[in-house]
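I opened the model to look up aromatic contacts, chain symmetry and sheet layout. My entries follow.

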Protein chains: 4
Amino acid sequence: MELTLAEAKKVVEGAEVKAEQIGVPMNIAVVDVGGNLVAFERMDKAWLGSINIAINKAFTAVAFNMTTEDLGKESQPGKSLFGIHATNMGRLVIFGGGIPLRKGGELVGAIGVSGGAVPQDIEVAEAGVKAF
Amino acid sequence: MELTLAEAKKVVEGAEVKAEQIGVPMNIAVVDVGGNLVAFERMDKAWLGSINIAINKAFTAVAFNMTTEDLGKESQPGKSLFGIHATNMGRLVIFGGGIPLRKGGELVGAIGVSGGAVPQDIEVAEAGVKAF
Amino acid sequence: MELTLAEAKKVVEGAEVKAEQIGVPMNIAVVDVGGNLVAFERMDKAWLGSINIAINKAFTAVAFNMTTEDLGKESQPGKSLFGIHATNMGRLVIFGGGIPLRKGGELVGAIGVSGGAVPQDIEVAEAGVKAF
Amino acid sequence: MELTLAEAKKVVEGAEVKAEQIGVPMNIAVVDVGGNLVAFERMDKAWLGSINIAINKAFTAVAFNMTTEDLGKESQPGKSLFGIHATNMGRLVIFGGGIPLRKGGELVGAIGVSGGAVPQDIEVAEAGVKAF
């Protein structure tokens, strides 16, 4: 199963609406099951440094088929995956805001959101998933 | 002067409509005057390798305030800028498909399109500029 | 609003004067709102390894519109942004010495200073901001 | 022998004055004998893509103790050094605008200028050398 551009746009829109509601300009990215970018938006005044993070949160969520939040828990110092953030040529993000997109339980892509505090990023990403 | 997300979306849409008309799925990117990504779309079945190229065509057009086509003419073997494509850490593209976006003559960003033959990329990028 | 070279030079000069006062040779960088370098100075005998750090502290302060010191607090092990230093292709610095430059409250660029102990870097960067 | 920051600033100033005379905003970089950045200026409205090129022209001129123009002649397709621009992790520039700085015949650093047509870059770089 594939993720279409039309579907990706819906996900981005759903996230954007939520970002506007909470008043935090966000970078919003959607990648397909190959981890490759399908759609991206930087809202006005959103952080520049979060362009890369949003795209890579989405990549990370596909790459391990889990949320970046869950991956992060196991990647802290002393935990089993500590150091993983230095692999994959700097493309992994180990804090919340990246969530897999699934069709009938099957992984088809992911959304990545960055621009606010981590709980805000997660909230906006979840709104994107809900619009899917 | 700044480029807003609303403006960037119009540019992407204008390009997408043209790409559909000519039947070539494209990667379409818009960057701001700092060369940083504002909006991106990969149409269904568009080449994966062109994601990077579309984004970097837009970067290049801002970086030198000219089309990538014009930059390319002066970057051929024997020409004055030969070798420039190896600078800027691989972010320069020296064939057509990147075009500056201007407001009242002032540079505010650029569009980059990649996915077809170069003349098709240019045609689609020009449609994006026209929608601006 | 833009940051001019004349303004950037004033910022660098203000920082340099302070660095001389405290007797620590510094690398001093100023970037614009797009995160791109505007002015840079390495004082005699300043550390080579701090060239990159000064430039990237300035980039980081623009990228997240906050001081690198503040970003660093949230990026420690166990904190919400742990791992962020591995994003943005190695361009983020998460210790003090990068400070945003604002005009009328609006972000227009940043200064980054590196060459001494972190509190010294911060002191010199603040002197640069004051000269703005 | 070393290149001081005071000397580097004179070189940059000399180049800047010439750039203003010919009305082309330039990126101007000076590196020391180790190829490491000492001073940099981007004049208002100078090309973003030329930040990297100016710095690396200066690096290249030190790296081979010759002008980038001379290096370029031997680096064209079919010539003895063809392909050299892909070495040194993208830090070599093989067109004019980088010139060694010498004291009593000894290499102490280089200037790199980028922002106009190549002959303009060379003219501005030569003005910087003359101010040395």
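I looked up F64(C) and found it buried, at a relative accessible area of 2% (buried means under 20% relative accessible area, exposed over 50%, partly exposed in between, with a 1.4 Å probe and protein chains only). This is a predicted model, in which local features need pLDDT of at least 70 and side-chain atom pairs count only at pLDDT 80 or more, while totals for chains, interfaces and linings use all residues. Residues are numbered from 1 along each chain as its sequence is written, chains are lettered from A and ligands numbered from 1 in the order in which they are written, and side-chain values use heavy atoms, leaving out hydrogens and water.

Aromatic pairs. I noted 4 of them over all chains (rings of Phe, Tyr and Trp, the last by its six-membered ring, pair if their centres lie within 6.5 Å; planes under 30 degrees apart count as stacked, over 60 as edge-to-face and the rest as tilted). W47(A) and F64(C) make an edge-to-face pair, with 5.5 Å centre to centre and 75° between the planes. This pair crosses between chains, from the loop between β2 (37-42) and α2 (49-63) of chain A to the loop between α2 (49-63) and α3 (68-73) of chain C (helices, H or I, have at least four residues and strands, E, at least two; both are DSSP runs numbered from the N terminus). W47(A) is partly exposed at 22% relative accessibility.

I then checked F64(B) and W47(D): their ring centres are 5.5 Å apart with planes at 75°, so this pair is edge-to-face. F64(B) is buried at 2% relative accessibility, and W47(D) is partly exposed at 23%.

Charge over ring. R91(A) lies over the face of F59(A), 3.9 Å from the ring centre (NZ of Lys or CZ of Arg must be within 6 Å of the ring centre and within 35 degrees of the ring normal). For R91(B) over F59(B) I have 3.8 Å.

Symmetry. Chain B superposes on chain D by a rotation of 91° with 0.4 Å of shift along the axis, RMSD 0.1 Å (least squares on C-alpha atoms of residues with pLDDT of at least 70 in both). The two copies are thus related as by a four-fold rotation axis.

Sheet. I traced 8 strands in an open antiparallel sheet, ordered β3(C)-β4(C)-β1(C)-β2(C)-β2(D)-β1(D)-β4(D)-β3(D) (strands pair if DSSP finds at least two bridges between them). β3 (98-103) of chain C and β3 (98-103) of chain D stand at the edges, each with a single partner strand, so one side of each has no neighbour in the sheet. β3(D) pairs with β4 (residues 106-114) of chain D over 6 bridges, in the antiparallel sense.
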